[in-house]
Amino acid sequence: MERIIQPKQVYTYEQMCLDCNRLMDRYPSLISMKTIGYSVGKRKLIAIKLGKGEDKIFINGAHHAREWLTTTLLMDIIETYAEATNSTSAFETDKIKEILNQCSFWFVPMVNPDGVTLAQSGYRSFKHKDLLIEWNKGSYDFSSWKANIRGVDLNRQYPADWETIQSDPGIRSCENFKGYEPLSEPESLAIYQFVQSQSIKLAAAYHSSGEEIFWKYKSETELEKRSKEIALQLANVTGYKLIYPSENPSGGGFTDWFISYYQRPSFTIEIAPYIGPNPVPLDYYASIYQQNKYVPLLLAENRNL
Ligand SMILES: [Zn+2]
């Protein structure tokens, strides 16, 4: 059967929605979809459920606009896992079957669909063109845009030491503005409310770049030991390095919030070799996929740690 996800393209929001429907059609007993909110630009925020089990794992991508290759990666992995339940698959069939009976993965592959659309297709389809150019520091090239469509950084919006976030520009910007209050943006609010509505055992947030894994936020407890054990396994399968945060971490990120609020492990995974404030070149994709395809499985296997 032909694969649904075609990763060697600029993977758009529209393509993702189309592919979600195709995945549900092909794997109706395994995959379902839920709208968890709407972006500023009224795009549906899509969550995809994979699996039939009680234990829930949550994985998100593309909080940051230019990091849209994380969406491609998560969609591709969803298809690989669904496909693996066919006995003809070469990918860990027995393990995946068992895990998908015990667990459900919830994916939000694109937290920031307006921002991704701006980064991929430019400013022309947006009404507030002049403001976008101003927030983009006068540039007409939006490929490195990071924020949502009103210039707020969605991964600096969560209620975890939000007040003391460092290097905040104080005004709307293509990157780094934390907003005027936590969860002011509908995209981060939707993630926050969705996670609150579920009982999530473990979480991961995908970003780019740097081949790094953030696994700790301020904890000096039993949780830190458990998180580190999982982080070491993640480092082992991905080849990425573990980051030890400073004593005074900045805060406001999804992972910071999840760890501190739930006292459960969460990981921020930065795909691709460091490429600065740019989208990850498609040429890097094949190795990124190989490095990350075991990550959801590994998280699920460690869910009771
Ligand atoms: Zn990021």
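Glutamate 222 is partly exposed at 48% relative accessibility; partly exposed denotes a relative accessible area between the limits for buried (under 20%) and exposed (over 50%), computed with a 1.4 Å probe on protein chains only. Lysine 225, at 57% relative accessibility, counts as exposed. The side chains of these two residues, glutamate 222 and lysine 225, form a salt bridge with an N to O distance of 3.9 Å, the term requiring a side-chain nitrogen of Lys or Arg within 4 Å of a carboxyl oxygen of Asp or Glu. About one helical turn separates glutamate 222 from lysine 225, because they lie 3 residues apart in helix 7 (residues 222–238). Helices (H or I, at least four residues) and strands (E, at least two) are DSSP runs numbered from the N terminus.

## Basis of the model

The structure is a predicted model, in which local features need pLDDT of at least 70 and side-chain atom pairs count only at pLDDT 80 or more, whereas totals for chains, interfaces and linings use all residues. Residues are numbered from 1 along each chain as its sequence is written, and side-chain values use heavy atoms, with hydrogens and water left out.

## Other salt bridges

Side chains of opposite charge can pair when their charged atoms come close. In this model the count comes to 15 salt bridges. One of them joins aspartate 55 and arginine 303 at 2.7 Å, N to O. This pair links distant parts of the chain, since aspartate 55 belongs to strand 3 (residues 55–61) and arginine 303 to the segment after helix 10 (295–301), 248 residues apart. Aspartate 55 and arginine 303 are both buried.

Another salt bridge pairs lysine 95 with glutamate 92, whose closest N and O atoms are 3.9 Å apart. Lysine 95 is partly exposed, with a relative accessible area of 40%, and glutamate 92 is likewise partly exposed, at 27%.

## The zinc site

The zinc ion has as protein donors His64 (ND1), Glu67 (OE), Glu67 (OE) and His207 (ND1), at 2.0 to 2.4 Å. Donors are N, O and S atoms within 2.8 Å of the metal (3.2 Å for Na, K and Ca); water is not among the atoms, so sites may look incomplete. Along the chain, the donors follow the spacing H-x2-E-x139-H. Histidine 64 and glutamate 67 are both buried.

The arrangement is irregular because the 4 donor atoms subtend angles of 57 to 149° around the zinc ion. Four donors count as tetrahedral if all angles lie between 85 and 135 degrees; four count as square planar and six as octahedral if opposite donors are over 155 degrees apart and all others between 65 and 115, and anything else is irregular.
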